[in-house]
2 protein chains.
Amino acid sequence: MVKNKLRNIKLVIEYDGTNYCGWQTQKGQITVQETITKVLSDICGHKITLHGASRTDSKVHSQAQVANFLTKSRLTGYQFLQALNDHLPDDIVIRKAEEVRRSFHAQFDAKSKTYRYIILNSHIPCALDRKFCYFFPFPLKRDAEDAMKKAVRYLIGRHNFRAFATKSSQKENCYRKIYSIKITRNKNYIYIDIKGSGFLYNMVRTIVGTLLQVGQGKIKPQDIKDILKSQDRKKAGPTVPAKGLCLLKVEYADTSK
Amino acid sequence: MVKNKLRNIKLVIEYDGTNYCGWQTQKGQITVQETITKVLSDICGHKITLHGASRTDSKVHSQAQVANFLTKSRLTGYQFLQALNDHLPDDIVIRKAEEVRRSFHAQFDAKSKTYRYIILNSHIPCALDRKFCYFFPFPLKRDAEDAMKKAVRYLIGRHNFRAFATKSSQKENCYRKIYSIKITRNKNYIYIDIKGSGFLYNMVRTIVGTLLQVGQGKIKPQDIKDILKSQDRKKAGPTVPAKGLCLLKVEYADTSK
């Protein structure tokens, strides 16, 4: 009986999203989930279902996507890590693989997700980083960082974020909780780290687009309050490009076996 | 007469070398020099010759390659910068363009060149940085950094570096001067910055390969002395992969007009 007992394996996955149509398997498209699932099924010797914490979009990157799958295989975590990294393309890397309690679910058990958005604010683009940042050549106001930090205060907490979501249906529950938004600048690079309970479709990228408009002086920090209230996508700023976005971290209460 | 006077324009160029067969134009290959020359000739309305400071190899990157060309064009430096960046592929970026004295030559006037080599020393590769570092999963000794720093002392100064050059002919003058080699470690990344008067073919990459063997304990720091003396390529370590190498800086005494 023990022989056939299903084990639950948790993976931490880094990927360069440039050449993928996002995480989630879609017919006729090359996705990260599908690429890993194929290799894993070969390794396990049976079909597996891989549950990912976040459905990152096309061209979005990840430093630590979390996923889990059930398997009959007796391989250790380290053996999974080695076998996967030996067979995956070099733009997907498994950073950790470990057995966890059977009930652990990468998506449903996630307590928070942290994304980083990188903006290159310069009149000259970047050749080396071009796939990992958003080239934003437009001038920001002198007090841009302060204004953006003021705007952030209105976003922290539990709110209806319908105004920041693309294609949200009227039925959809648009309440999400944002724990923190940190804005830092290093020379020409602006980093916006957003930690939340979960995010609506394009929500992080629309928050960043709106904060940039605050930095340009097109929106006042206190306007964020009205944008949230309006629940109207047209009031918020543009959705910035996917390539500047990276999933940094997914946190769980407890994943012990 | 003034109308047709040739002006000398200096460029500072960043590129991701991944998709190029190096800097120098070669028949049937896509190179950085050729790519820029084509665009520049269109902008200038006449054929131009572009002189680069360093003939970086296939897949080697650059943060600040320097090049110059003579032109009849009346465009300002900033107009060249804009026109070039508008028409170049996004893996080549012009960071500066300015008129310099007529006699300035990017290659012959260079006083020093600084290269950075990046090593990822971990048992897990990296998806995001994979094109910009050398994945070196082999263990280094506990005192690796100290040993490598000791070895470096024997390389500083003017020496015959024939043992560190690939395909050097007996006639070639193999004397070069190394001003400094800095080794720093940040978590799993090792950075080796080498500044010298100039470098033989594959010299930087062979120095790094040799230093890694010192870090592994295969070569003693003081053995470097004998390797230099031997002038025998077989005595030095392996030539590490091109993708970990980046031209950081080229320095000149004076480029004023």
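Across all chains, a search of the whole structure finds 24 salt bridges, a salt bridge being a side-chain nitrogen of Lys or Arg within 4 Å of a carboxyl oxygen of Asp or Glu. This is a predicted model, in which local features need pLDDT of at least 70 and side-chain atom pairs count only at pLDDT 80 or more, while totals for chains, interfaces and linings use all residues. Residues are numbered from 1 along each chain as its sequence is written, chains are lettered from A and ligands numbered from 1 in the order in which they are written, and side-chain values use heavy atoms, with hydrogens and water left out.

**Salt bridges in chain B**

Select B:R7 and B:E99, whose side chains form a salt bridge at 3.0 Å, N to O. B:R7 belongs to strand 1 (residues 7-15) of chain B and B:E99 to strand 4 (residues 92-100) of chain B, so the pair ties together parts 92 residues apart in sequence. Helices (H or I, at least four residues) and strands (E, at least two) are DSSP runs, numbered from the N terminus. B:R7 is buried, at a relative accessible area of 10%, whereas B:E99 is partly exposed at 26%. Here buried means under 20% relative accessible area, exposed over 50%, and partly exposed in between (1.4 Å probe, protein chains only).

Next, select B:E34 and B:K38, which are joined by a salt bridge of 3.8 Å, N to O. Both sit in helix 1 (residues 32-44) of chain B, four residues apart, about one turn of the helix. B:E34 is partly exposed at 22% relative accessibility; B:K38 is exposed at 56%.

Then show A:D16, A:D90 and B:R130 together: salt bridges that share partners join these residues into one network.

**Aromatic pairs in chain A**

Over all chains the structure holds 18 aromatic pairs. Rings of Phe, Tyr and Trp (its six-membered ring) pair if their centres lie within 6.5 Å; planes under 30 degrees apart count as stacked, over 60 as edge-to-face and the rest as tilted. Select A:F104 and A:Y252: the ring centres are 4.9 Å apart and the planes lie at 65°, so this pair is edge-to-face. The pair links distant parts of the chain, with A:F104 in the loop between strand 4 (92-100) and strand 5 (110-120) of chain A and A:Y252 in strand 10 (residues 245-252) of chain A, 148 residues apart. A:F104 is buried at 2% relative accessibility, and A:Y252 is buried at 15%.

Move to A:Y189 and A:Y191, a stacked pair with 6.4 Å centre to centre and 25° between the planes. Both of these tyrosines, A:Y189 and A:Y191, are buried. For an aromatic cluster, select A:Y117, A:Y134, A:F136 and A:F138.

**Between the domains of chain A**

Colour chain A by domain: domain 1 is 2-109 and domain 2 is 112-248, with bounds from an automatic or database domain assignment. The C-alpha centres of domain 1 and domain 2 of chain A lie 29 Å apart. The area buried between these two domains of chain A is about 1,100 Å², with carbon and sulfur atoms giving 59%; buried area is the accessible area (1.4 Å probe) that two parts lose on being put together, summed over both. On the domain 1 side of chain A, select A:D57, A:V60 and A:H61, which lose the most area to domain 2 and together make up 43% of what that side buries.

Which side chains meet A:D57 in a salt bridge? The side chain of A:R205 does, at 3.2 Å, N to O.
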